[in-house]
Amino acid sequence: MDNKQQLERANQLSLREAFSDKQVLRREIIAGITGFFAISYIIIVNPMILKDAGIPANLSVFATILSSFVGCWIMGFWANAPVILTPGMGVNAFFTYTVVVNMGLSWQEAVAISMVSSIIYVLIAFTKVSEILAKGIPETLKAGITAGIGLFLVEIGLEKAGLIRAGSNSILAVGDLTKPVALLALFGLILTLFLFVRKVTGGFFIGIAITTILGIIFKVKDQATPKVSIIDLDKYTHILAKGDFSHALTVPFILAVFSMTMILVFESMGLLEGIIPNHGKFKRAFEASSITAFLSGIMGTSPTVAAAESASATESGGRTGITAIVAGTMFAISMFFIPLLSYVPQAAIAPVIIITGALMMNQLSVINMYDFTDWFPAFLIVVLIPFTTSISTGLAFGFVAYPLLKIAAKRADELSGATYLLGILFLCDLVLSAIL
């Protein structure tokens, strides 16, 4: 049985069957560890962003870890899907910079907004509405979502590697290739590519490990770790269940709830559509994501979503919930070793993210490039996700453009009621985002 057949077989296994198969279990463990390291930066970055909203970084670290641990375990046991749930990078920016900084609400009110949005998300996920919305997404847009997220990952990976930077006369420019971070990342990329094309089991994890060791030897350390001690855990109750609903009926609160709901529902839907190898697991994965998004508000952090970096776990062979359970366990263990995570340089993680993103972009091959009404909306999704660093914005432009072009081409008969609904909802989201 070749590797492809093994993965397809694992795709159909129940969680219990996967645990009893030693070969599958070994591959899933490696995939879970790889996925964890690919997204481990969230433990550092999320508290730094939430700090700007007023949540103490030394406490939101625990919220980030606990919500990720709980989310991954729910995903693993409930959905049996290889998807890692962590506080989302797009939604945490909305939480901090739109709701708190721009709108002037407190972080407690922002938590309340995320909880109300998550309740709506739960209602959608556990009803037929989720299936209607999922079926309303045309195949060409699904491919665009996957490719767009892939290009976004490539951009993130290149930035982490120091291979690109913000340009003075352009959007992006080549980074300083003489710096240790860039050189280490290039070494890691070459090594990981070599292992990948040779089909070495656990190649991504091996690449991260070897590159990290070299980074330690040459003292390449680039992460700013918040000062956290396990002793601070007794202060965690200061941010636990602190949502403020006193202004729930005000216009700003309601507008923020609508926008955050759109981000949670459709960013999660897009990510899951693009990541899960077995689409039969989408419904339960969507449900697991919604439950964790709600629980994250109680825990004192911005909502969780499926991590795009989960794709690095699936590319490492992850096909069942064991991958998510292992990643969740790694999050729990990391609580006691937060300072040690700073020894895993971004240059070691970047190659895995770059390669994973490139692999996701092969979905471009299924888009009908000869039909402008099909490929242009997908094109908007592909380019706007990385250019705006917002998955929801890319989705919005693509989903609004799709029905408009079909109507303009007198092909409205190709549109379903759900496609019209999605286009209207995303148009409302764009308008409200501009107002907020």
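This report describes selected helices, salt bridges and individual residues of the structure shown above.

The model is predicted: local features need a pLDDT of at least 70, side-chain atom pairs count only at pLDDT 80 or more, and totals for chains, interfaces and linings use all residues. Residues are numbered from 1 along each chain as its sequence is written, and side-chain values use heavy atoms, with hydrogens and water left out.

## Helix packing

Helices (H or I, at least four residues) and strands (E, at least two) are DSSP runs, numbered from the N terminus. Two packed helices are described by the angle between their axes and the distance between the axes. Axes are lines fitted to C-alpha atoms, for helices over the stretch in contact, and angles run from 0 to 180 degrees between N-to-C directions.

Helix α10 (residues 180-197) packs with α11 at an angle of about 155°, the axes lying 9 Å apart. This makes α10 roughly antiparallel to α11, a term for angles over 145 degrees. Contact here means heavy atoms within 4.5 Å.

For α5 and α15, the axes come within 7 Å and cross at roughly 160°. These two helices are therefore roughly antiparallel to each other, and α5 and α15 cross in a left-handed manner. Among the residues making the contact are Phe69, Trp73 and Phe77 of α5, together with Ile325, Thr329 and Phe331 of α15.

Helix α4 (residues 42-51) is largely enclosed by the rest of the structure, because seven of its 10 residues are buried. Buried means under 20% relative accessible area, exposed over 50%, and partly exposed in between (1.4 Å probe, protein chains only). The buried residues of α4 are Ile42, Ile43, Ile44, Asn46, Pro47, Ile49 and Leu50. They pack against α3 (22-39), α5 (57-79), β1 (85-87), α6 (89-102), α15 (321-334) and α16 (338-341).

Two of these residues, Asn46 and Leu50, are also touched by Thr301. Thr301 lies in the loop between α13 (282-299) and β4 (304-306), and Thr301 counts as buried because its relative accessibility is 0%. Its side chain makes a polar contact with the side chain of Asn46 at 3.1 Å. A polar contact is a pair of N or O atoms within 3.5 Å; within protein, one must be able to donate a hydrogen and the other to accept it, and residues adjacent in sequence count only if both atoms are side-chain atoms. Not counting residues up to four places away in sequence, Thr301 also touches Ala63, Thr64, Ser67, Pro87 and Ser296.

## Salt bridges

A salt bridge is a side-chain nitrogen of Lys or Arg within 4 Å of a carboxyl oxygen of Asp or Glu. By this rule there are eight salt bridges, including those tabulated below.

| Salt bridge | N to O distance |
|---|---|
| Lys142 and Glu139 | 3.4 Å |
| Lys283 and Glu287 | 3.9 Å |
| Asp374 and Lys406 | 3.0 Å |

Asp374 belongs to helix α18 (residues 372-388) and Lys406 to helix α19 (residues 391-408), so the pair ties together parts that are 32 residues apart in sequence. Both Asp374 and Lys406 are buried. Salt bridges that share partners join Asp371, Asp374, Lys406, Arg411 and Glu414 into one network.

Lys142 and Glu139 stand three residues apart in helix α9 (residues 139-160), and so are separated by about one helical turn. Lys142 is buried at 18% relative accessible area, whereas Glu139 is exposed at 59%. Lys283 and Glu287 lie four residues apart in helix α13, about one turn of the helix. Lys283 is partly exposed at 22%, while Glu287 is buried at 7%.

## Residues with positive phi

Most residues other than glycine have a negative phi. Ala241 has a positive phi, near 55°. Ala241 is placed in the loop between α11 (203-217) and α12 (251-275) and is exposed at 52% relative accessibility. Lys410 is not a glycine and has a positive phi of about 60°. Lys410 lies in the loop between α19 and α20 (417-435), and its relative accessibility of 77% counts as exposed.

Conventions. Parallel < 35°, antiparallel > 145°, perpendicular 65-115°, else oblique. Left-handed = near helix turned anticlockwise from the far one by under 90°.
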